[in-house]
Amino acid sequence: MPNPRILVLYAHPAPHRSRINRRLADAARSLDGVLVHDLYETYPDFFIDVAREQALLEQAELVVFLHPIRWYSMPSLLKEWVDSVLLPGWAYGPDVTTLRGKGYWLVVTTGSPEDSYQPGERHGQPFEAFLPPFEQTARLCGMDWLAPHILHGANSASIEAIDTHVAAFHARLEQFLDTTPKDPHGI
Ligand SMILES: Cc1cc2nc3c(=O)[nH]c(=O)nc-3n(C[C@H](O)[C@H](O)[C@H](O)COP(=O)(O)O)c2cc1C
């Protein structure tokens with residue numbers, strides 16, 4: 001594929017059991033201009049090819065982080081990816097512009113329903129209260145934080161709700177691909 005504009009970093013530790021993220025990954029794969037990079041398939045031993053990952057990031061305009069929420073955060077391989085790939089002097093730091101202006105789009109699912117993410121309920125606070133580490137990672141790297149696409153209550157979601165969520169994701173990717181390609185160093 002010549003220079004896909006969208007890089008989807010797909011991280012699901014148990015993809016064979018996935019009802020939703022797997023469908024989202026398939027929807028993204030159906031589009032020209034999107035590269036779905038399955039991290040657990042590529043790096044089952046957690047040894048990440050940093051140069052390869054940095055090259056993939058450099059040529060993308062939009063980076064999608066697609067995964068289930070695990071312990072209020074990202075799956076462990078994706079955290080290892082962040083630790084290994086977003087290096088000082090390359091991803092951030094004085095005069096570093098590698099990732100500046102690229103979109104950072106968080107596309108995640110939670111097992112628990114949205115109303116359990118409230119004061120006094122099971123998770124104690126709104127789901128958005130768990131997002132600052134993601135958002136600040138984007139900002140530190142000069143990336144544009146886009147409004148996350150979230151499906152709550154994934155484990156009990158109806159087929160209709162899943163279909164609607166997947167269709168909205170697909171449409172948003174198409175919409176992005178319809179825009180004029182930006183300079184690789186900034187959108
Ligand atoms: C180890 C582990 C940790 C999890 N942590 C959370 C969590 O912090 N909050 C939550 O709402 N769901 C949590 N879940 C549920 C997953 O987010 C849920 O199963 C997933 O989003 C469903 O997506 P899928 O159908 O693509 O697998 C956790 C699941 C596992 C196995």
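Reader: Let's start with the ligand: which residue has a side-chain N or O atom 2.6 Å from an oxygen atom of the ligand?

Author: That's Thr-109. A polar contact is a pair of N or O atoms within 3.5 Å. Before we go on, this is a predicted model, where local features need pLDDT of at least 70 and side-chain atom pairs pLDDT 80 or more, while totals for chains, interfaces and linings use all residues. Residues are numbered from 1 along each chain as its sequence is written, and side-chain values use heavy atoms, leaving out hydrogens and water.

Reader: Which residues reach the ligand with backbone atoms?

Author: Look at Gly-111, where a polar backbone atom sits 3.1 Å from a nitrogen atom of the ligand. With Ser-112, a backbone N or O atom is 3.1 Å from a ligand oxygen. Taken alone, the ligand would expose 650 Å², and the protein buries 77% of that (Shrake-Rupley method, 1.4 Å probe).

Reader: And how many residues are around the ligand?

Author: There are 17 (a heavy atom within 4 Å), and His-12, Ser-18, Asn-21, Thr-109 and Tyr-117 come nearest. By class, this shell has seven nonpolar, eight polar and two charged residues; Gly counts as polar here, and Tyr as nonpolar.

Reader: How do I read a cavity, and where is the largest one?

Author: On a 1 Å grid, a cavity is where a 1.4 Å probe fits but cannot get out, and lining residues have an atom within 4 Å of a point. Searching the whole structure turns up one cavity of 30 Å³ or more. The largest cavity has a volume of about 40 Å³, and its lining includes Leu-57, Phe-65, Trp-81 and Met-143. That lining has eight nonpolar residues, one polar and no charged ones.

Reader: What about the aromatic rings: how many pairs are there?

Author: A pair of aromatic rings is described by the distance of the centres and the angle of the planes. This structure holds ten aromatic pairs (centres within 6.5 Å). Take Phe-65 and Trp-81: their ring centres are 6.1 Å apart with planes at 80°, so the pair is edge-to-face (over 60 degrees). The pair links distant parts of the chain, with Phe-65 in strand 3 (residues 62-68) and Trp-81 in helix 4 (residues 76-85), 16 residues apart.

Reader: Last one: what lines the largest pocket?

Author: A pocket is an open set of points with protein on both sides within 12 Å along at least five of seven lines. The largest pocket has about 300 Å³ of space and 15 lining residues, with His-12, Arg-17, Ser-18, Pro-68 and Asn-155 nearest its centre. The lining divides into five nonpolar, seven polar and three charged residues. The second largest pocket has a volume of about 180 Å³, and among its lining residues are Trp-71, Gly-111, Ser-112 and Tyr-117.

Key:
Polar contact = N/O pair within 3.5 Å; in protein donor to acceptor, adjacent residues only side chain to side chain. Points joined across faces, edges and corners; volume = space filled by probe spheres on them. Phe/Tyr/Trp six-rings, centres within 6.5 Å; stacked < 30°, edge-to-face > 60°. Helix = DSSP H or I, 4+ residues; strand = E, 2+ residues; numbered from the N terminus.
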